[in-house]
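These are my notebook entries on one chain. I set down what I looked up, topic by topic.

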Amino acid sequence: MLIGEVAKRSGVSARMLRHYESLGLVRPSGRTGSGYREYSAEDIRRIFHIESLRSLGLSLREIGRALDNPDFTPTALVGDLIRQTRDRIAAETELLTQLRRIHAADPAGWEDVLQVVALLQALRSKSADARQRAVLAAGDDITVPVEALVEAALSETEPNVAGALRWALARSDGDPLALLAQGLGSPMAEVRERAVQALFEMPGDEVTAHLRNALAHPDAVVRGYAALALGTRGVADAVPALIDMIVEGRNDTDAADALSVLASDTTTADHIATRLVDRLADDTTKAPARGRLTQALADIPGATAARALVELSHDEDRAVALTATYLLQLRNAG
């Protein structure tokens, strides 16, 4: 079979077939009387083998080794190809993400594109100062892609930069809530904490709904931040979680402050005081926790809290009794 027919049947151009021949990959078995290359059935089979291996990403040199060396084993080479393919996919995915974020910024011209690219690069800088400057400088002239802000906020370890990112998210024109809610489901505890901290500082009723859902989160840190945020927003659903924080000694001072904010009306104040007294009376509540619960009654107004402090002033635990007595003195003095 002549080269033109081989090219037609195999889909490999005559030029490429000649290139294969120059590399020694394919050697036509014969020549016609006129000197034209003539390919045998075995030659054509080899061409198809070459194309099959090319489709896997092997170089022509690697293909030559694979076809000519009977001792050649593909395992290591295929493993390398897998790693190279993964790296290539990761690079292409990163590029796609970059392009999507630039598109989301809706640049008016190439100057805007360059500014967005510079901002995205600065957010990934190894310098915390550079990251913070990028966040604080953006927003007026450049629309910061909300996905980039959320990604940066969920990965930031420097407290000052993290605070700047949360500030930027809170004033962002985009909608970061769904992305932050996804962060709450991260397998990494530090990412979950950063996500709920960002939600903590976001305004709006939709945020409150996400925070309510977070009260049932299996991560105690997430539940705690959600409870603190809801407490400052006047959501009474946070009371049980806030009391748990006091018992466990996790941000107990902040939790007690949040309870005092919630206790702004008589009904809620009495409800909170009753819940605190119930935990004090629970046999499983240890001495240090009973002391913290007693202190939490200090800023809860109303008769229920007052009666509880009177009873606690005679408690068998001397530390609790002294704390309750002192709090009653302050209460009466006020």
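**Basis.** I worked from a predicted model, in which local features need pLDDT of at least 70 and side-chain atom pairs count only at pLDDT 80 or more, while totals for chains, interfaces and linings use all residues. I numbered residues from 1 along each chain as its sequence is written, and side-chain values use heavy atoms, with hydrogens and water left out.

**Whole chain.** I looked up the secondary structure and found 19 helices and 2 strands; helices (H or I, at least four residues) and strands (E, at least two) are DSSP runs, numbered from the N terminus. The chain is more spread out than a compact globule, because its radius of gyration is 35 Å, well over the 20 Å that the globule rule gives for 334 residues. The radius is taken over C-alpha atoms, and the rule is 2.2 Å times the number of residues to the power 0.38. I also noted that the C-alpha trace spans about 120 × 50 × 30 Å along its principal axes.

**Burial.** I found that 40% of the 334 residues count as buried. Buried means under 20% relative accessible area, with a 1.4 Å probe and protein chains only.

**Gln98.** I located Gln98 in helix H5, which covers residues 75–104. Is Gln98 buried or exposed? Gln98 counts as buried because its relative accessibility is 17%. Not counting residues up to four places away in sequence, Gln98 touches Val117, Leu120 and Arg124; contact means heavy atoms within 4.5 Å.

**Gly183.** I placed Gly183 in helix H10, residues 177–183. Gly183 has a relative accessible area of 5% and is therefore buried. Leaving aside neighbours within four places in sequence, I listed Leu154, Val191, Arg192 and Ala195 as the contacts of Gly183. Val150 is 33 residues from Gly183 along the chain, and their C-alpha atoms are separated by 9.0 Å.

**Nonpolar cores.** Such a core is a set of buried Ala, Val, Leu, Ile, Met, Phe, Trp, Tyr and Cys residues joined through side-chain atoms within 4.5 Å. Which residues of the largest core touch the most other members? Among its 76 residues, these are Leu169, Leu242, Leu259, Leu276, Leu297 and Ile300. Apart from this core lies another, of 18 residues, including Val6, Leu17, Leu53 and Phe72. I then examined Leu297, which touches Ala273, Leu276, Leu280, Ala305, Ala308, Leu309, Leu312 and Arg331, not counting residues up to four places away in sequence.

Methods. Buried means under 20% relative accessible area, exposed over 50%, partly exposed in between (1.4 Å probe, protein chains only).
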